[in-house]
Structures are given as C-alpha cells and as structure tokens.
Amino acid sequence: MYHESKVKKGLLGIPKYIFMLFFVLIAVGPMIWAFLSSFKTYAEINSSAIALPKSLNLQNYKDAFKYAPIAKYFLNSVLIVGISVLVTVCVVAMCAYVVSRFRFKLKTVIVLMISASLMLPAQAISQPLFAIFKALGIFDTKLGLILVYSAMGIPMSFFVMVSYYETISTALEESAYIDGATFLQTFLHIILPLAKPGLVTIALLQFINTWNEFYFALMLTSGDSARTVPIALNYYMGTFANNYSALFAAVVMTVMPTILVFIILQRQVMESLTAGAVKG
Amino acid sequence: MSTKNKKVWIALFIVPCMILFVLIYAAPIVTVLYTSLCEYTVSTSPVLKGLENFKTIFQDKDFLESIKNTLVWVVLQSTFHVSLGFIMALVLRRKPKGWKFVRTAYMIPNIIPTAATGVMFTLLLNPTFGVLKSVYGIFGLDAAQIPNLFGNSKFAFWTVTCTWILYSGFNTIIFLAEMGAVDTAIYEAARVDGAKPWQMDRYITIPLMKNIFGTCVVLASVAMVSQFDIIYVTTKGGPGNSTLNLPTYLYKVATLENNYGKANAVGVIQIALGLVLVVFIQALFREKKMKQEGK
C-alpha cells in the first residue's frame, strides 16, 4: 500500500514540475535572452542567437544613450508617474473617505459614475482628450499626461479605498469629535495613519499601471519633452532599425525598474494587484 | 461640529477628485457620444449627421474584421488564458518545492510594460537574428525557409496571440489569494472522509472559485476589448488586417484617416461591447450559482 501511493505521487509529481518549468521558461526566457544579447556585439548577435556573449561588452548601452535621449525619457517617466501617484492617492484618500463615512446628496451619482468608468476602454475617449488638450494648450506636455494618469487611477483606487475605510471602526472618530477635534484634524491624525496600508496598496497599483502606460502617452505626446519610457521604446524600434544590438540594451533598461520594484516589494505588489482586481 | 460645517468639508473632500474625473472621463465620454453622430474631421468642426458614421463603419471590411478578431481574442482569453492561470494556481496551492519562485517568475510578464513585451518578441522571432535561426541551424534546415512570424498573414494572428495568452500570472495570484481564504477545516473533513487530492479540487476548490472565476473572466475580456500596445508595437494590425482589432482600427481611423466622427463611432461600439460583455458574463456566472443553490 505504502509503496503504491509513493509511486503514484512520484508519477504525478514529474508532470507537475515539467508544467511549472515550462511556464517559468516561457515567462522569463525572452527576458533572459534579451539580457544576454544586450552584451553581445552586432556580429555576435547575427552569427548565433543562442550563443552566450563572449565578454561583458557595454557598447550597446553606450550606443543606446548616444543615439536616443534615454536619460530624459527616464526623468519624464519618474516625474509624470511620481506626481500622478501622489495626486491620485491624495484625491482618492479624501473622496473615498467621505463616501464611506457620510450620507449626502449626489453620493449615489458619484459612486455610479465612478463604477461605470471602471471598465472604460482607454482608446474610446482618446480623440476627445486629444481635442481638449489641444484647446487647453497642454497637448505634448508633462502636465497633460499627469492629469490623465491621475484620473486614470481614480476608479480602481476609489473602490479599494472605500472598502479599506469600511474596515476601520468609527468609534475612534466619534471619540475624537467628542474631545472637540475638527473634521480635518480627525482625518489627518486619526484616519490617515490607520489607512496607511490601503494607501500603499493604491500607490503601488497606480505606479505599475502608469509606469507601463502606453496608449495615452502615444496619443498625447509628439516630441521628446513629455515622452515616457514605454513610448520611447516604440520610437527606438524606428531609430535602431539597423542597430538592433542597441535596441536590446534599451529593452533591458526599460523592464529593469519594474522588475526590481516587483522583486523587492513582491508581497505588497501581489496584494495590491489582487485587491485592485477583486474590489475594483 | 455643526452640520453646515460638515457639509462644507464633505464638499471640499469631493471636489478635487470630481474635477479630475469630469475633465478626463465625463467630458470626453459625452463628446464621444455626441460626435459619433457628427461629420467631424481634423479640418472641420462637428456637424450633426445622424447615424452616417455607423453606417460607414459597418460597411467597412476592416471594421468587421477588427470586430471578429476582438471577439476571437475575448473568447480565447476568457477561456484558455483564465483556465491556465487557474491550473497554475491549483498546482501551486499545494506548495510544491520552489512554488514561490514559480509564482514570482510567472508573474513578471504581467508587470513589465506591454510595449517592452512587444519589442522583445519582435527581436526574439526576427527571421535574420532571432532564435528560430538557431533552431533551424540545429536541425540542419534551410535558413531561407524561416517564416517571418509577425510579417506573414498566415502566422501573424496566432503569433500575436501567443505574446499574451500564455501569461496568466495575474490570474494565478488572484486564484491563489482566493484559495488561501478557504477554511482549511473543509479540506480536513474531506481528508478524514478519505477524499483523494483530485476529488478535493473537483468537489471543494472548484465550486468555491465560481465567483472569482467570474471576476477573472470579466477582467480578461475587458482587457481584450482594449488590447492595443503589443499589437501596435509588433504588427500595427497587419499584415493586411489579419491582426486588426477595435482599438487598432480606432487608432488608424483617428490618426491616419483623421476622421474623428468615424473614430468616435468606433469608440461608442467599443464602449458598448465592453458593457455588453460585463453584463453578459456576470449574468452567466450568477445564473450558474443560482442553479447550484437550487439543487
């Protein structure tokens, strides 16, 4: 009996590991290949796709910096993403708080409007945004993208935050009001510190979504002044058409920041994404 | 705190969020709905024309192809892709050796910029220096026979599909979180009753995952209705219209034809398709649940 069950387990175990190995390879294989290729010379890349690089050649990285303003694109991304994360967290922290705690006119309208836009495809509203931004003079500016990205984060963050606030007991606020605290004092000193995990969740969600955002950046920028990293990649495809060894370096530099953030903050990122999916 | 005072604070807390929301969502949606009924191009202001734009797009072969491709991708993604994530979660749920590593590695394609995924696959499958050349070399095949997977209309659709359908790590972590929330006493009781592992999955785990399955299917479908980045980077909807979907068609109409009225009519169809899918899928999963409870 004992022997039989062990054999069965072993037989079931092998396909399981083959399955896992296959999908790990599919998932990280292309990335590792691009990473290794980024150290190869142009001639090495052309001669064999699977040979390892002969030396740690950094020429491709130097070329990538020489032919395209990569540092500028990174700075644009950091500024646009950083500010939009801050803006989304602030406005959502406030709005979701009053929606979760108080009854007022228009509350149902607000909740309905925000939930209707949860699943809205970005492309559908891009032409009007383009027209509005041209009219306001913020087309092809960092401010324009910051506004879009901040708003883009609202629907999902809003529902994550409302359900987070609902887990915080109202007893603390009530006693604060009895002690004579004002509305703002209560919010800043009692609620916000308790809501920190929720705020971290929406900040991470917003970071990942905006750092990777492609479509609005494509539609709403036309020059280097506001181009972000993902959109720059598309532009390299044209620029580096004949120098694809530098393209490998550019891809590696694009995916590195998100992968690093993900690996360092793994648990929180997974929790954020799950919360965003389930509560949103 | 006086009621009047409270009202002022409530208003102050809502206004910033609503200003952003109205500027970026509400105003454009109203504009899309209105201008879809107008003659409106890059050089002319909107003039109301009724359903002209809708008539035009429904007679356009490219539009019909883009609807077909979008729907095929929605179906594939909400069945195969979601199930793959679910199977991975079932495997990882028992915490085999290295499961945390597998979970992280499998998740990585879901968190990197999709444009980067597109560029990577373009490089990987390039006929002159991609991996296929080495594979052909190993098997002694003629290098001139290497197919251009993104550039040949026979292969392009399935090649593009492969760049996203296998990457279901996001669904895996959602399912894993939900499986982790199941009361272990249920499994304990089943084990005492002599249930085998596959029976536990079949009769306990799978039924309990109904709701979250619905959520994953909704998310996967909606993502396919707005799938753009990878297609734009790899094929731009081509060759011909073999990988054209609603977003890429809309983008072409707006930026190449500069026909904004027509583009916004496509936008209305895109929004409507998204809504119909969400309502349909939710109804599908709700009905199943009710039937089960009725038994």
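Residues 104-125 of chain B are 86% helix and 0% strand in this predicted model. The end C-alpha atoms of that span lie 25 Å apart. Helices here are DSSP runs of H or I with at least four residues, strands are E runs of at least two, and both are numbered from the N terminus. Residues 71-92 of chain B are 100% helix and 0% strand, with end C-alpha atoms 31 Å apart. Both spans carry the UniProt annotation "transmembrane region", taken from an unreviewed entry. That annotation also covers residues 12-34, 155-177, 212-233 and 265-285 of chain B. UniProt positions follow the numbering used here, feature names are shortened, and annotations may be inferred rather than shown by experiment.

Residues are numbered from 1 along each chain as its sequence is written, and chains are lettered from A and ligands numbered from 1 in the order in which they are written. Local features need pLDDT of at least 70, side-chain atom pairs count only at pLDDT 80 or more, totals for chains, interfaces and linings use all residues, and side-chain values use heavy atoms, with hydrogens and water left out.

The interface comes next. Contact (heavy atoms within 4.5 Å) takes in 82 residues from chain B and 83 residues from chain A. The area buried between chain B and chain A is about 7,700 Å². Carbon and sulfur atoms give 84% of that area. Buried area is the accessible area (1.4 Å probe) that two parts lose on being put together, summed over both. In chain B, the residues that lose the most area to chain A are B:Phe13, B:Ile111 and B:Phe129, together 10% of what that side buries.

Between chain B and chain A, the rule finds zero salt bridges. A salt bridge is a side-chain nitrogen of Lys or Arg within 4 Å of a carboxyl oxygen of Asp or Glu. Polar contacts do cross the interface of chain B and chain A, in 11 residue pairs with both residues at pLDDT 80 or more. A polar contact is a pair of N or O atoms within 3.5 Å; within protein, one must be able to donate a hydrogen and the other to accept it, and residues adjacent in sequence count only if both atoms are side-chain atoms. Helix H1 (residues 3-35) of chain B supplies the largest share of the side that touches chain A, 19 residues. That side of chain B divides into 65 nonpolar, 11 polar and six charged residues. Ala, Val, Leu, Ile, Met, Phe, Trp, Tyr, Cys and Pro count as nonpolar, Asp, Glu, Lys and Arg as charged, and the others, Gly among them, as polar.

Over all chains, the whole structure has 10 salt bridges. In chain A, A:Asp224 pairs with A:Arg227, the closest N and O atoms being 2.9 Å apart. A:Arg227 is buried at 15% relative accessible area, whereas A:Asp224 is partly exposed at 29%. Buried means under 20% relative accessible area, exposed over 50%, and partly exposed in between (1.4 Å probe, protein chains only). A:Glu271 and A:Arg267 form a salt bridge at 3.1 Å, N to O. Both lie in helix H15 (residues 266-279) of chain A, four residues apart. In chain B, B:Glu65 bridges to B:Lys68 at 3.4 Å. A network of salt bridges links B:Asp60, B:Glu257 and B:Lys262.

A:Gln206 lies in helix H11 (residues 196-211) of chain A. A:Gln206 counts as buried because its relative accessibility is 2%. Its side chain makes a polar contact of 3.0 Å with that of A:Thr88.
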